[in-house]
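User: I would like to learn how to read the features of a protein model, one at a time. Could you walk me through them?

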Amino acid sequence: MKPWQAKLGIVVLLAAVLGTYTQCVPSQGKNKSKLKYNSDSASTTNPSGNSGSGSGSGSGSGSTTTTTAGLSSVQAFAQTTHAITRARCINCHGSFQQPLHAVADAQQAHDAIVNSSKVNFANPAQSRLVLKLTEGHNCWGDCNMNAQEMLDSVNDWIYLMQDTTTTTNTGGDDYVTTESNTIAMVLDPNSTANNGDIMLNMEASMTQAPMVKASEGGVEYIWVPNGTHAAVLANNNAIAGRSFITAQIPINTQYRLFGLVRGYGDSDDSFHIKVGNNNYTEWHVGGNTNGYKWVEVTNGAGKARLTYNLTATNHQIEIREREDGTKLSKLLFTDDLQMTADQIGGGPQATMTFNLNALAAGSNAQFKVDVSVYDMYSYRLSNPRIMLPSGMLKVKNLKPLVNGNFNPQHSTYTIVDKNVTPNDGSLSGSSMIILKDQGEAFDKFSFSFEILEYTP
Ligand SMILES: [Ca+2]
Ligand SMILES: [Ca+2]
């Protein structure tokens with residue numbers, strides 16, 4: 001099952017770039033407990049997110065590989081690009097204007113595009129469907145944003161056509177831990193998540209030069225490098241760097257907006273920001289923030305508080321350069337109007353813990369790895385490590401299993417080959433993106449090791 005087919009459960013952190021999918025968003029009563037977010041999700045862990053304790057067995061025989069066939073081109077088109085053409089192009093291309101890619105019949109609309117070579121599967125960005133929008137052909141908003149939306153849909157169309165290969169690990173000679181709780185429970189063990197909270201990772205945004213993406217100390221951010229422009233830029237200055245991201249708002253209500261920012265001083269501490277159809281507001285993050293800090297999005301030098309009335313749909317967010325040198329890592333919409341920036345601390349990143357004692361008798365070792373939701377389709381694992389009270393534990397070839405299955409693409413940690421000691425338990429400094437299987441409400445992690453040999 002592809003991840004978006006079982007799109008249930010928590011909505012705590014969707015970095016939605018895709019406007020074409022209908023998500024099942026729970027709209028039941030909202031828990032108003034404060035949801036805590038990490039300032040630095042790449043290097044901080046939430047100890048309360050502990051889950052997945054247990055052990056496992058190391059017996060079994062081999063593994064089986066299964067391939068799930070991708071969708072047909074028409075099926076994939078119907079779920080992706082067709083949704084855009086139906087919504088945006090129907091007035092002309094749904095009736096009289098060739099190619100008739102916006103007619104209701106998916107096969108006919110699909111054939112109209114494919115047979116006239118309006119889509120370029122080898123180089124989606126060069127698809128006429130996309131380029132026409134960048135050239136200004138009947139955009140329904142900002143042409144570049146519309147083009148990006150169309151390009152996203154074509155990329156998804158291609159993705160949906162691909163076969164998915166998974167390997168069912170039935171043990172073999174490997175040592176396999178027990179399964180974690182579901183990722184939804186791991187990330188939110190007390191079900192305190194607020195359904196009206198939406199986290200956006202700016203690394204998933206579309207930037208327009210001189211706005212660029214970068215990272216430092218495990219924090220990904222966007223910025224216009226300091227020194228690019230000498231002066232403060234007005235919100236209609238065409239030379240400004242810009243970035244766009246879609247917020248998938250789950251509930252019709254009022255929201256406040258916060259950003260995880262870094263400012264360096266009075267001339268490096270502001271953005272213009274535009275939410276949906278609202279006007280630009282001038283967001284001053286407050287001089288030198290001394291590192292990354294959650295700051296409420298306010299308006300003007302007087303920092304007037306803002307409340308956004310947003311409908312339950314996709315809203316385009318534009319971050320626009322005002323003063324270069326200002327960095328933005330994440331945005332958080334919340335319908336908890338009482339929330340303040342200093343309450344945003346811990347987060348939807350959690351540590352999974354697996355007891356290895358049954359796999360490596362007498363070791364009393366624990367395997368720990370941090371997990372977060374990366375985007376609509378994937379998780380991120382980071383900082384795999386072993387806590388070993390004494391002795392030495394030889395560890396080799398670590399594989400994450402999602403719902404018991406190993407996907408050969410998830411191979412970052414297969415090169416692990418280490419003699420772990422109490423003072424040195426880190427298995428890798430790399431993080432790994434893991435494709436969701438059925439979504440965080442269902443997916444459970446376990447881990448296999450080729451070798452786990454304990455020496456007291
Ligand atoms: Ca300033
Ligand atoms: Ca500056």
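User: Let's start with Trp157: does Trp157 count as buried or exposed?

Analyst: In this predicted model, Trp157 counts as buried, with a relative accessibility of 0%. Phe77 is buried too, and its relative accessible area is also given as 0%.

User: Which kind of pair do Phe121 and Trp157 make, and why?

Analyst: Their ring centres are 5.1 Å apart and their planes stand at 85 degrees, so the pair is edge-to-face. The angle decides, because planes over 60 degrees apart count as edge-to-face. Phe121 sits in the loop between helix H4 (106-114) and helix H5 (128-134), while Trp157 is in helix H6, so the pair ties together parts 36 residues apart in sequence. Phe121 is partly exposed, at 34% relative accessibility.

User: How many aromatic pairs does the structure hold, and which residues form a cluster?

Analyst: The structure holds 13 aromatic pairs. One aromatic cluster is formed by Phe354, Phe367, Tyr379, Phe445, Phe447 and Phe449.

User: On to cysteines. What is a disulfide, and which cysteines form one here?

Analyst: The general idea is a covalent bond between the sulfur atoms of two cysteines. In this model the count comes to one disulfide. Cys139 and Cys143 form it, with their sulfur atoms 2.1 Å apart. The torsion about their S-S bond is about 110 degrees, so the disulfide is right-handed. Both partners are partly exposed: Cys139 has a relative accessible area of 22%, and Cys143 is at 23%.

User: What about Cys89: which cysteine sulfur is nearest?

Analyst: Cys89 is in no disulfide, and the nearest cysteine sulfur, that of Cys92, is 8.7 Å away. Cys89 is buried, with 15% relative accessible area, whereas Cys92 is partly exposed at 26%.

User: Now the metals. How should I read a calcium site, and which atoms coordinate the calcium ion (ligand 2)?

Analyst: The calcium ion (ligand 2) is coordinated at 2.3 to 2.5 Å by Asn226 (OD1), Ser267 (O), Asp268 (OD), Asp324 (O) and Asp324 (OD). Along the sequence, these donor residues are spaced N-x40-S-D-x55-D. Asn226 lies in the loop between strand S7 (219-223) and strand S8 (242-248), and Ser267 in the loop between strand S9 (253-262) and strand S10 (270-275), so the pair ties together parts that are 41 residues apart in sequence. Asn226 is partly exposed at 46% relative accessibility, and Ser267 is partly exposed at 48%.

User: Which atoms coordinate the calcium ion (ligand 1)?

Analyst: Its donors are Asp266 (O), Asp269 (OD), Glu323 (OE) and Glu323 (OE), at 2.1 to 2.5 Å. Their spacing along the chain is D-x2-D-x53-E. Asp266 counts as exposed, at 68% relative accessibility, while Asp269 is buried, with 7% relative accessible area.

User: To finish, let's step back. How many helices and strands does the protein chain have, and what share of the residues counts as buried?

Analyst: The protein chain has seven helices and 25 strands, and 52% of its 456 residues count as buried. Its accessible surface comes to about 18,500 Å², with 46% belonging to carbon and sulfur atoms. For contacts with a separation of 6 or more, 76% are between residues 24 or more positions apart.

Conventions:
Residues are numbered from 1 along each chain as its sequence is written. Chains are lettered from A and ligands numbered from 1 in the order in which they are written. This is a predicted model: local features need pLDDT of at least 70, side-chain atom pairs count only at pLDDT 80 or more; totals for chains, interfaces and linings use all residues. Side-chain values use heavy atoms; hydrogens and water are left out. Helices (H or I, at least four residues) and strands (E, at least two) are DSSP runs, numbered from the N terminus. Buried means under 20% relative accessible area, exposed over 50%, partly exposed in between (1.4 Å probe, protein chains only). Contact means heavy atoms within 4.5 Å. Accessible areas come from the Shrake-Rupley method with a 1.4 Å probe; for residues, only the protein chains shown count as cover. A disulfide is a pair of cysteine sulfur atoms within 2.5 Å. Donors are N, O and S atoms within 2.8 Å of the metal (3.2 Å for Na, K and Ca); water is not among the atoms, so sites may look incomplete. Rings of Phe, Tyr and Trp (its six-membered ring) pair if their centres lie within 6.5 Å; planes under 30 degrees apart count as stacked, over 60 as edge-to-face and the rest as tilted.
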